[in-house]
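User: Hi, I have a model open and would like to talk through how it packs. Could you take a look with me?

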Amino acid sequence: MAQSATNKKLSAWRGGVSPFSLGYGKVMMWIFLLTDALTFCGLLASMGASRFGHDVWPDPNHVFHSVPFFGSWNAPLVFVSFMTFVLILSSVTMVLAVHAGHCKNKAGVIKWLTWTLIGGVTFLSCQAWEWTHLYMSGAWWGSFNDLATSPVSSFEHFFNPSKPYVTAALAQDPEMALSATHNFFNYFFTVTGFHGLHVTTGVILLVIGLLNTINNTYEHRGHYEMIEKIGLYWHFVDLVWVFVFTFYYLL
Amino acid sequence: MAQTHHTGSELELFEGDQSKLYSGVLMHHEDINSSESKAKVRKLIVVTAILSIVTIVEVTVGLILFKSNPDISKIAIHLGIIAFFVILTMVKAKYIVSVFMHLGAETKHFKAIILVPAFVLMGWLITALLTDSAYHLAISDTFGFTVKSILGTHLPYYK
(Lines give C-alpha, C1' and ligand atoms only; values in the text may rest on other atoms or scores of the structure.)
Protein backbone atom coordinates (compact mmCIF):
# COMPACT_ATOMS: atom_id res chain seq x y z
CA MET A 1 0.00 0.00 0.00
CA ALA A 2 2.70 2.45 1.04
CA GLN A 3 4.80 1.31 -1.88
CA SER A 4 2.11 2.07 -4.46
CA ALA A 5 1.48 5.50 -2.96
CA THR A 6 5.19 6.32 -3.35
CA ASN A 7 5.13 5.18 -6.94
CA LYS A 8 2.13 7.36 -7.64
CA LYS A 9 3.89 10.39 -6.19
CA LEU A 10 7.03 9.76 -8.19
CA SER A 11 5.14 9.37 -11.44
CA ALA A 12 3.83 12.93 -11.18
CA TRP A 13 7.44 14.08 -11.55
CA ARG A 14 8.03 11.73 -14.49
CA GLY A 15 5.28 13.35 -16.49
CA GLY A 16 2.22 11.76 -17.95
CA VAL A 17 -0.21 13.09 -15.38
CA SER A 18 -1.80 16.47 -14.81
CA PRO A 19 -1.41 17.36 -11.11
CA PHE A 20 -4.11 20.03 -11.23
CA SER A 21 -6.24 18.31 -13.91
CA LEU A 22 -6.08 21.60 -15.78
CA GLY A 23 -4.67 22.55 -19.17
CA TYR A 24 -1.54 24.71 -19.29
CA GLY A 25 -3.44 27.68 -20.70
CA LYS A 26 -6.04 27.67 -17.96
CA VAL A 27 -3.42 27.53 -15.22
CA MET A 28 -1.58 30.44 -16.83
CA MET A 29 -4.81 32.43 -17.15
CA TRP A 30 -5.42 31.93 -13.42
CA ILE A 31 -1.90 33.10 -12.55
CA PHE A 32 -2.38 36.15 -14.76
CA LEU A 33 -5.73 36.91 -13.12
CA LEU A 34 -4.11 36.61 -9.68
CA THR A 35 -1.52 39.25 -10.61
CA ASP A 36 -4.21 41.40 -12.20
CA ALA A 37 -6.29 41.14 -9.02
CA LEU A 38 -3.28 42.43 -7.07
CA THR A 39 -3.05 45.42 -9.43
CA PHE A 40 -6.71 46.26 -8.93
CA CYS A 41 -6.31 45.76 -5.19
CA GLY A 42 -3.44 48.27 -5.27
CA LEU A 43 -5.63 50.84 -7.03
CA LEU A 44 -8.65 50.36 -4.78
CA ALA A 45 -6.63 50.17 -1.56
CA SER A 46 -4.72 53.37 -2.37
CA MET A 47 -8.06 55.04 -3.11
CA GLY A 48 -9.25 53.84 0.29
CA ALA A 49 -6.10 55.14 1.95
CA SER A 50 -6.55 58.54 0.32
CA ARG A 51 -10.17 58.63 1.44
CA PHE A 52 -9.23 57.64 4.97
CA GLY A 53 -6.61 60.38 4.98
CA HIS A 54 -9.20 63.12 4.29
CA ASP A 55 -11.78 64.24 6.81
CA VAL A 56 -14.37 64.82 4.11
CA TRP A 57 -14.87 62.99 0.80
CA PRO A 58 -17.29 63.54 -2.11
CA ASP A 59 -20.52 61.56 -1.69
CA PRO A 60 -21.10 59.17 -4.61
CA ASN A 61 -24.86 59.77 -4.30
CA HIS A 62 -24.21 63.42 -5.09
CA VAL A 63 -21.70 62.75 -7.89
CA PHE A 64 -23.36 59.91 -9.77
CA HIS A 65 -27.05 60.71 -9.77
CA SER A 66 -27.91 61.16 -13.45
CA VAL A 67 -29.53 58.76 -15.90
CA PRO A 68 -29.39 59.22 -19.69
CA PHE A 69 -32.63 60.52 -21.22
CA PHE A 70 -33.96 61.47 -17.79
CA GLY A 71 -32.45 64.97 -17.65
CA SER A 72 -32.61 66.50 -14.21
CA TRP A 73 -34.07 63.45 -12.43
CA ASN A 74 -32.05 63.08 -9.25
CA ALA A 75 -31.57 59.31 -9.13
CA PRO A 76 -28.50 58.14 -7.24
CA LEU A 77 -27.39 54.54 -7.83
CA VAL A 78 -30.00 53.86 -10.53
CA PHE A 79 -27.79 54.01 -13.62
CA VAL A 80 -24.83 52.23 -12.07
CA SER A 81 -27.13 49.49 -10.76
CA PHE A 82 -28.29 48.98 -14.33
CA MET A 83 -24.63 48.73 -15.45
CA THR A 84 -23.95 46.22 -12.67
CA PHE A 85 -26.89 44.06 -13.74
CA VAL A 86 -25.75 44.15 -17.36
CA LEU A 87 -22.32 42.88 -16.31
CA ILE A 88 -23.72 40.17 -13.99
CA LEU A 89 -26.06 38.96 -16.74
CA SER A 90 -23.22 38.93 -19.30
CA SER A 91 -21.25 36.82 -16.82
CA VAL A 92 -24.15 34.35 -16.70
CA THR A 93 -24.42 34.13 -20.49
CA MET A 94 -20.64 33.62 -20.58
CA VAL A 95 -20.81 30.69 -18.18
CA LEU A 96 -23.62 29.22 -20.29
CA ALA A 97 -21.36 29.56 -23.36
CA VAL A 98 -18.61 27.71 -21.47
CA HIS A 99 -21.14 25.02 -20.54
CA ALA A 100 -22.28 24.69 -24.16
CA GLY A 101 -18.62 24.39 -25.20
CA HIS A 102 -18.18 21.64 -22.65
CA CYS A 103 -21.03 19.78 -24.36
CA LYS A 104 -19.49 20.52 -27.79
CA ASN A 105 -22.67 22.34 -28.69
CA LYS A 106 -21.50 24.81 -31.33
CA ALA A 107 -24.86 26.54 -31.80
CA GLY A 108 -25.16 27.11 -28.05
CA VAL A 109 -21.66 28.59 -27.85
CA ILE A 110 -22.45 31.01 -30.68
CA LYS A 111 -25.76 32.04 -29.12
CA TRP A 112 -24.42 32.67 -25.61
CA LEU A 113 -21.19 34.32 -26.79
CA THR A 114 -23.28 36.75 -28.84
CA TRP A 115 -25.38 37.67 -25.80
CA THR A 116 -22.20 38.14 -23.74
CA LEU A 117 -20.80 40.38 -26.45
CA ILE A 118 -23.98 42.47 -26.43
CA GLY A 119 -23.71 42.79 -22.62
CA GLY A 120 -20.08 43.88 -22.82
CA VAL A 121 -20.74 46.50 -25.48
CA THR A 122 -23.76 47.80 -23.54
CA PHE A 123 -21.64 48.15 -20.41
CA LEU A 124 -18.92 50.03 -22.31
CA SER A 125 -21.51 52.36 -23.86
CA CYS A 126 -22.92 53.13 -20.41
CA GLN A 127 -19.44 53.86 -19.13
CA ALA A 128 -18.74 56.14 -22.09
CA TRP A 129 -21.92 58.07 -21.30
CA GLU A 130 -21.01 58.37 -17.62
CA TRP A 131 -17.48 59.57 -18.38
CA THR A 132 -18.79 62.13 -20.86
CA HIS A 133 -21.35 63.34 -18.33
CA LEU A 134 -18.68 63.80 -15.65
CA TYR A 135 -16.31 65.47 -18.12
CA MET A 136 -19.07 67.95 -18.99
CA SER A 137 -19.44 68.81 -15.31
CA GLY A 138 -15.74 69.66 -15.08
CA ALA A 139 -14.34 66.41 -13.70
CA TRP A 140 -11.32 64.78 -15.30
CA TRP A 141 -7.82 63.57 -14.43
CA GLY A 142 -6.08 66.44 -12.67
CA SER A 143 -9.20 68.58 -12.35
CA PHE A 144 -9.98 70.53 -9.15
CA ASN A 145 -6.35 71.12 -8.25
CA ASP A 146 -6.32 74.89 -7.63
CA LEU A 147 -8.78 77.06 -5.72
CA ALA A 148 -8.01 79.99 -8.06
CA THR A 149 -9.46 78.13 -11.07
CA SER A 150 -11.80 75.80 -9.16
CA PRO A 151 -13.54 77.81 -6.44
CA VAL A 152 -15.57 76.07 -3.75
CA SER A 153 -18.76 76.74 -5.72
CA SER A 154 -17.47 74.47 -8.53
CA PHE A 155 -17.17 71.35 -6.37
CA GLU A 156 -19.28 71.80 -3.23
CA HIS A 157 -22.26 70.06 -4.89
CA PHE A 158 -20.22 66.80 -4.93
CA PHE A 159 -20.40 66.72 -1.12
CA ASN A 160 -23.26 65.68 1.13
CA PRO A 161 -23.82 68.61 3.52
CA SER A 162 -25.57 66.41 6.07
CA LYS A 163 -22.45 64.32 6.61
CA PRO A 164 -20.23 65.21 9.56
CA TYR A 165 -17.88 68.19 9.18
CA VAL A 166 -18.72 68.78 5.49
CA THR A 167 -20.25 72.25 5.84
CA ALA A 168 -17.51 73.36 8.22
CA ALA A 169 -14.74 71.94 6.04
CA LEU A 170 -16.06 73.59 2.86
CA ALA A 171 -16.30 76.94 4.63
CA GLN A 172 -13.10 76.89 6.65
CA ASP A 173 -10.70 74.45 4.97
CA PRO A 174 -11.54 74.48 1.26
CA GLU A 175 -7.98 73.32 0.39
CA MET A 176 -8.67 69.98 2.07
CA ALA A 177 -12.07 69.59 0.38
CA LEU A 178 -10.42 70.48 -2.94
CA SER A 179 -7.72 67.88 -2.38
CA ALA A 180 -10.40 65.27 -1.59
CA THR A 181 -12.32 66.11 -4.78
CA HIS A 182 -9.11 66.05 -6.83
CA ASN A 183 -8.17 62.62 -5.48
CA PHE A 184 -11.70 61.28 -5.80
CA PHE A 185 -11.83 61.96 -9.54
CA ASN A 186 -8.24 60.93 -10.24
CA TYR A 187 -8.89 57.55 -8.64
CA PHE A 188 -12.34 57.27 -10.21
CA PHE A 189 -11.09 57.75 -13.78
CA THR A 190 -8.03 55.57 -13.19
CA VAL A 191 -9.91 52.66 -11.61
CA THR A 192 -12.95 52.65 -13.92
CA GLY A 193 -10.67 53.39 -16.88
CA PHE A 194 -8.43 50.43 -16.09
CA HIS A 195 -11.52 48.28 -15.62
CA GLY A 196 -13.02 49.58 -18.87
CA LEU A 197 -9.75 48.69 -20.61
CA HIS A 198 -10.20 45.15 -19.34
CA VAL A 199 -13.79 45.06 -20.60
CA THR A 200 -12.58 46.29 -23.99
CA THR A 201 -9.93 43.54 -24.09
CA GLY A 202 -12.62 41.04 -23.09
CA VAL A 203 -14.88 42.20 -25.92
CA ILE A 204 -12.00 41.75 -28.40
CA LEU A 205 -11.36 38.24 -27.03
CA LEU A 206 -15.08 37.45 -27.32
CA VAL A 207 -15.11 38.56 -30.97
CA ILE A 208 -12.08 36.34 -31.69
CA GLY A 209 -13.68 33.41 -29.84
CA LEU A 210 -16.96 33.89 -31.67
CA LEU A 211 -15.26 34.01 -35.10
CA ASN A 212 -13.20 30.91 -34.27
CA THR A 213 -16.33 29.06 -33.16
CA ILE A 214 -18.17 30.00 -36.34
CA ASN A 215 -15.13 28.87 -38.38
CA ASN A 216 -15.13 25.46 -36.61
CA THR A 217 -11.63 26.02 -35.20
CA TYR A 218 -12.54 24.58 -31.80
CA GLU A 219 -14.65 21.83 -33.36
CA HIS A 220 -11.54 20.60 -35.23
CA ARG A 221 -9.35 21.04 -32.19
CA GLY A 222 -11.64 18.66 -30.32
CA HIS A 223 -12.42 20.94 -27.38
CA TYR A 224 -13.60 24.44 -26.51
CA GLU A 225 -11.00 25.17 -23.85
CA MET A 226 -10.30 28.59 -25.38
CA ILE A 227 -13.88 29.60 -24.55
CA GLU A 228 -13.24 28.51 -20.95
CA LYS A 229 -10.14 30.72 -20.80
CA ILE A 230 -12.01 33.71 -22.24
CA GLY A 231 -14.75 32.92 -19.72
CA LEU A 232 -12.29 33.04 -16.81
CA TYR A 233 -11.12 36.46 -17.96
CA TRP A 234 -14.68 37.72 -18.41
CA HIS A 235 -15.78 36.57 -14.93
CA PHE A 236 -12.74 38.29 -13.49
CA VAL A 237 -13.86 41.54 -15.11
CA ASP A 238 -17.26 41.04 -13.47
CA LEU A 239 -15.59 40.26 -10.15
CA VAL A 240 -13.58 43.48 -10.24
CA TRP A 241 -16.73 45.46 -11.01
CA VAL A 242 -18.43 43.99 -7.93
CA PHE A 243 -15.67 45.58 -5.84
CA VAL A 244 -15.62 48.87 -7.79
CA PHE A 245 -19.40 49.09 -7.35
CA THR A 246 -19.10 48.71 -3.59
CA PHE A 247 -16.11 50.94 -2.98
CA TYR A 248 -17.02 53.69 -5.44
CA TYR A 249 -20.78 53.84 -5.54
CA LEU A 250 -22.14 52.30 -2.34
CA LEU A 251 -19.74 53.37 0.39
CA MET B 1 -4.48 26.43 -37.31
CA ALA B 2 -7.52 24.32 -38.01
CA GLN B 3 -6.06 22.68 -41.11
CA THR B 4 -3.26 21.03 -39.11
CA HIS B 5 -5.84 19.22 -37.02
CA HIS B 6 -7.14 16.68 -39.50
CA THR B 7 -4.59 13.89 -39.04
CA GLY B 8 -6.36 12.39 -36.07
CA SER B 9 -3.39 11.50 -33.88
CA GLU B 10 -3.64 13.30 -30.59
CA LEU B 11 0.12 13.28 -30.08
CA GLU B 12 0.65 15.09 -33.36
CA LEU B 13 -2.07 17.61 -32.63
CA PHE B 14 -0.78 18.68 -29.26
CA GLU B 15 2.97 18.43 -29.66
CA GLY B 16 3.47 21.85 -28.12
CA ASP B 17 1.01 21.54 -25.25
CA GLN B 18 0.82 18.05 -23.83
CA SER B 19 -1.30 19.26 -20.92
CA LYS B 20 -4.23 18.66 -23.27
CA LEU B 21 -3.47 14.94 -23.26
CA TYR B 22 -3.48 14.53 -19.50
CA SER B 23 -5.82 17.18 -18.10
CA GLY B 24 -8.90 15.46 -19.50
CA VAL B 25 -10.02 18.43 -21.60
CA LEU B 26 -10.50 16.12 -24.60
CA MET B 27 -12.46 13.52 -22.67
CA HIS B 28 -15.12 14.88 -20.37
CA HIS B 29 -17.59 16.09 -22.92
CA GLU B 30 -21.22 15.57 -22.03
CA ASP B 31 -24.61 15.71 -23.69
CA ILE B 32 -26.29 19.12 -23.38
CA ASN B 33 -29.69 17.44 -22.97
CA SER B 34 -28.55 15.06 -20.22
CA SER B 35 -29.98 15.46 -16.75
CA GLU B 36 -26.46 16.16 -15.45
CA SER B 37 -26.11 19.09 -17.83
CA LYS B 38 -29.54 20.42 -16.90
CA ALA B 39 -28.69 20.21 -13.20
CA LYS B 40 -25.57 22.30 -13.84
CA VAL B 41 -27.58 24.95 -15.69
CA ARG B 42 -30.12 24.99 -12.85
CA LYS B 43 -27.29 25.62 -10.39
CA LEU B 44 -26.08 28.54 -12.53
CA ILE B 45 -29.60 30.03 -12.55
CA VAL B 46 -29.75 29.75 -8.74
CA VAL B 47 -26.39 31.51 -8.40
CA THR B 48 -27.57 34.24 -10.77
CA ALA B 49 -30.65 34.72 -8.60
CA ILE B 50 -28.46 34.96 -5.47
CA LEU B 51 -26.17 37.54 -7.11
CA SER B 52 -29.17 39.59 -8.26
CA ILE B 53 -30.88 39.49 -4.87
CA VAL B 54 -27.70 40.52 -3.06
CA THR B 55 -27.24 43.42 -5.50
CA ILE B 56 -30.86 44.52 -5.02
CA VAL B 57 -30.39 44.42 -1.23
CA GLU B 58 -27.18 46.48 -1.55
CA VAL B 59 -28.84 49.12 -3.72
CA THR B 60 -31.95 49.28 -1.50
CA VAL B 61 -29.90 49.69 1.66
CA GLY B 62 -27.73 52.27 -0.15
CA LEU B 63 -30.80 54.31 -1.05
CA ILE B 64 -32.27 53.99 2.46
CA LEU B 65 -28.98 55.20 3.93
CA PHE B 66 -28.94 58.09 1.44
CA LYS B 67 -32.46 59.14 2.46
CA SER B 68 -32.09 58.58 6.20
CA ASN B 69 -28.58 60.01 6.67
CA PRO B 70 -27.43 57.99 9.69
CA ASP B 71 -24.99 59.73 11.99
CA ILE B 72 -21.70 58.32 10.71
CA SER B 73 -19.67 60.42 13.13
CA LYS B 74 -20.52 57.59 15.54
CA ILE B 75 -17.79 55.12 14.73
CA ALA B 76 -19.90 52.00 15.41
CA ILE B 77 -22.53 53.08 12.87
CA HIS B 78 -19.87 54.01 10.30
CA LEU B 79 -17.97 50.73 10.69
CA GLY B 80 -21.25 48.80 10.69
CA ILE B 81 -22.25 50.28 7.32
CA ILE B 82 -18.82 49.55 5.84
CA ALA B 83 -18.82 45.99 7.22
CA PHE B 84 -22.33 45.35 5.86
CA PHE B 85 -21.38 46.28 2.28
CA VAL B 86 -17.98 44.60 2.40
CA ILE B 87 -19.48 41.31 3.66
CA LEU B 88 -22.17 41.32 0.93
CA THR B 89 -19.45 42.06 -1.65
CA MET B 90 -17.38 39.13 -0.40
CA VAL B 91 -20.45 36.88 -0.65
CA LYS B 92 -20.90 37.87 -4.31
CA ALA B 93 -17.17 37.44 -4.98
CA LYS B 94 -17.27 33.98 -3.41
CA TYR B 95 -20.07 32.85 -5.73
CA ILE B 96 -18.45 34.32 -8.85
CA VAL B 97 -15.04 32.76 -8.13
CA SER B 98 -16.23 29.40 -6.90
CA VAL B 99 -19.12 28.71 -9.32
CA PHE B 100 -18.69 30.90 -12.41
CA MET B 101 -14.91 30.61 -12.47
CA HIS B 102 -15.19 27.00 -11.34
CA LEU B 103 -12.48 27.33 -8.69
CA GLY B 104 -14.64 25.48 -6.17
CA ALA B 105 -14.34 22.30 -8.23
CA GLU B 106 -10.56 22.48 -8.80
CA THR B 107 -8.04 20.49 -6.78
CA LYS B 108 -7.19 21.54 -3.23
CA HIS B 109 -3.64 22.55 -4.12
CA PHE B 110 -4.70 24.65 -7.08
CA LYS B 111 -7.17 26.56 -4.89
CA ALA B 112 -4.34 27.21 -2.44
CA ILE B 113 -2.01 28.43 -5.20
CA ILE B 114 -4.55 31.08 -6.24
CA LEU B 115 -6.19 32.03 -2.93
CA VAL B 116 -3.29 32.05 -0.45
CA PRO B 117 -1.17 34.69 -2.30
CA ALA B 118 -4.32 36.73 -2.98
CA PHE B 119 -5.42 36.89 0.66
CA VAL B 120 -1.94 37.29 2.15
CA LEU B 121 -0.72 40.01 -0.23
CA MET B 122 -3.99 41.94 -0.39
CA GLY B 123 -4.48 41.73 3.36
CA TRP B 124 -1.03 43.10 3.95
CA LEU B 125 -1.39 45.87 1.36
CA ILE B 126 -4.69 47.10 2.80
CA THR B 127 -3.36 46.98 6.37
CA ALA B 128 -0.19 48.84 5.41
CA LEU B 129 -1.94 51.58 3.41
CA LEU B 130 -4.64 52.22 6.00
CA THR B 131 -2.05 52.33 8.80
CA ASP B 132 -0.10 54.86 6.77
CA SER B 133 -3.08 57.12 6.16
CA ALA B 134 -4.08 56.88 9.84
CA TYR B 135 -0.58 58.15 10.64
CA HIS B 136 -1.01 60.89 8.06
CA LEU B 137 -4.25 61.93 9.75
CA ALA B 138 -2.68 61.83 13.17
CA ILE B 139 0.30 64.06 12.36
CA SER B 140 -1.50 66.54 10.15
CA ASP B 141 -2.82 69.76 11.66
CA THR B 142 -5.29 70.26 8.85
CA PHE B 143 -6.66 66.77 8.59
CA GLY B 144 -6.31 66.02 12.26
CA PHE B 145 -9.73 65.46 13.60
CA THR B 146 -11.09 62.15 12.36
CA VAL B 147 -8.75 59.85 14.20
CA LYS B 148 -8.60 62.08 17.24
CA SER B 149 -12.37 62.41 17.44
CA ILE B 150 -12.63 58.63 17.17
CA LEU B 151 -10.34 58.48 20.15
CA GLY B 152 -12.54 61.09 21.81
CA THR B 153 -9.70 63.45 22.68
CA HIS B 154 -10.11 66.17 20.11
CA LEU B 155 -12.74 68.13 18.19
CA PRO B 156 -12.08 69.74 14.83
CA TYR B 157 -10.65 73.19 15.30
CA TYR B 158 -13.18 74.70 12.94
CA LYS B 159 -16.29 73.14 14.35
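User: What's the handedness of the crossing of α8(A) and α10(A)?
Analyst: The crossing of α8(A) and α10(A) is left-handed. Keep in mind that this is a predicted model. The two axes come within 10 Å and cross at roughly 160°. That angle is over 145°, so α8(A) counts as roughly antiparallel to α10(A).

User: Which residues make that contact?
Analyst: From α8(A), they include F188(A), V191(A), H195(A), H198(A), L205(A) and N212(A). From α10(A), they include M226(A), I227(A), Y233(A), W234(A), W241(A) and Y248(A). The residues of this contact divide into 15 nonpolar, 6 polar and no charged.

User: And where else does α8(A) pack?
Analyst: Helix α8 (residues 174-214) of chain A also packs with helix α5 (residues 106-136) of chain A: their axes come within 9 Å and cross at roughly 155°. These two are therefore roughly antiparallel as well, and their crossing is left-handed.

User: What is on each side of that one?
Analyst: α5(A) brings residues including K106(A), V109(A), L113(A), G120(A), F123(A) and Q127(A). Among those from α8(A) are T192(A), G196(A), G202(A), L206(A), G209(A) and I214(A). By type, the contact of α5(A) with α8(A) has 13 nonpolar, 10 polar and 1 charged.

User: Nice. Which residues touch the most other members of the largest nonpolar core?
Analyst: Those are A97(A), I227(A), V244(A) and F245(A), in a core of 74 residues. In chain A, two or more residues come from each of α2 (24-52), α4 (78-102), α5, α8 and α10 (225-250), and in chain B from each of α3 and α4. α10(A) has the largest share, with 18 residues.

User: Switching to chain B: how many helices and strands does it have?
Analyst: Chain B has 6 helices and 0 strands, so the pattern along its sequence reads α-α-α-α-α-α. Buried residues make up 13% of its 159 residues. Of the chain B contacts between residues at least 6 apart in sequence, 29% join residues at least 24 apart.

User: How do α3(B) and α4(B) pack?
Analyst: Their axes are 10 Å apart, at an angle of about 165°. That makes α3(B) roughly antiparallel to α4(B), and the crossing is left-handed. Among the contact residues are V47(B), I50(B), V54(B) and E58(B) of α3(B), along with I81(B), F85(B), K92(B) and Y95(B) of α4(B). The contact has 12 nonpolar, no polar and 2 charged residues.

User: What about the loop between α3 and α4 of chain B? Why does K74(B) count as exposed?
Analyst: K74(B) is in that loop, and it counts as exposed because it has 12 C-beta neighbours inside 10 Å.

User: Which residues have a positive phi without being glycine?
Analyst: N69(B) is one of them, with phi near 45°. H102(B) is another, with phi near 70°. H102(B) lies in the loop between α4 and α5 of chain B, and counts as partly exposed with 17 C-beta neighbours inside 10 Å. For context, most residues other than glycine have a negative phi.

User: Last one: how many residues are in contact between the chains?
Analyst: 66 residues of chain B are in contact with 65 residues of chain A. On the chain B side, α2 (19-22), α3 (35-68), α4 (75-100), α5 (108-139) and α6 (145-151) each supply at least two residues. α5(B) gives the most, with 16 residues. That side of chain B divides into 37 nonpolar, 19 polar and 10 charged residues.

Methods: Residues are numbered from 1 along each chain as its sequence is written. Chains are lettered from A and ligands numbered from 1 in the order in which they are written. This is a predicted model: local features need pLDDT of at least 70, side-chain atom pairs count only at pLDDT 80 or more; totals for chains, interfaces and linings use all residues. Axes are lines fitted to C-alpha atoms, for helices over the stretch in contact, and angles run from 0 to 180 degrees between N-to-C directions. Helices (H or I, at least four residues) and strands (E, at least two) are DSSP runs, numbered from the N terminus. Angles under 35 degrees count as roughly parallel, over 145 as roughly antiparallel, 65 to 115 as roughly perpendicular and the rest as oblique. A crossing is left-handed if the near helix is turned anticlockwise from the far one by less than a right angle, and right-handed if clockwise. Two residues are in contact if their C-beta atoms, placed from the backbone, lie within 7 Å. Ala, Val, Leu, Ile, Met, Phe, Trp, Tyr, Cys and Pro count as nonpolar, Asp, Glu, Lys and Arg as charged, and the others, Gly among them, as polar. A nonpolar core is a set of buried Ala, Val, Leu, Ile, Met, Phe, Trp, Tyr and Cys residues joined through C-beta atoms within 7 Å. A residue is buried if 20 or more other C-beta atoms lie within 10 Å of its own, exposed if 12 or fewer, and partly exposed in between; C-beta atoms are placed from the backbone.
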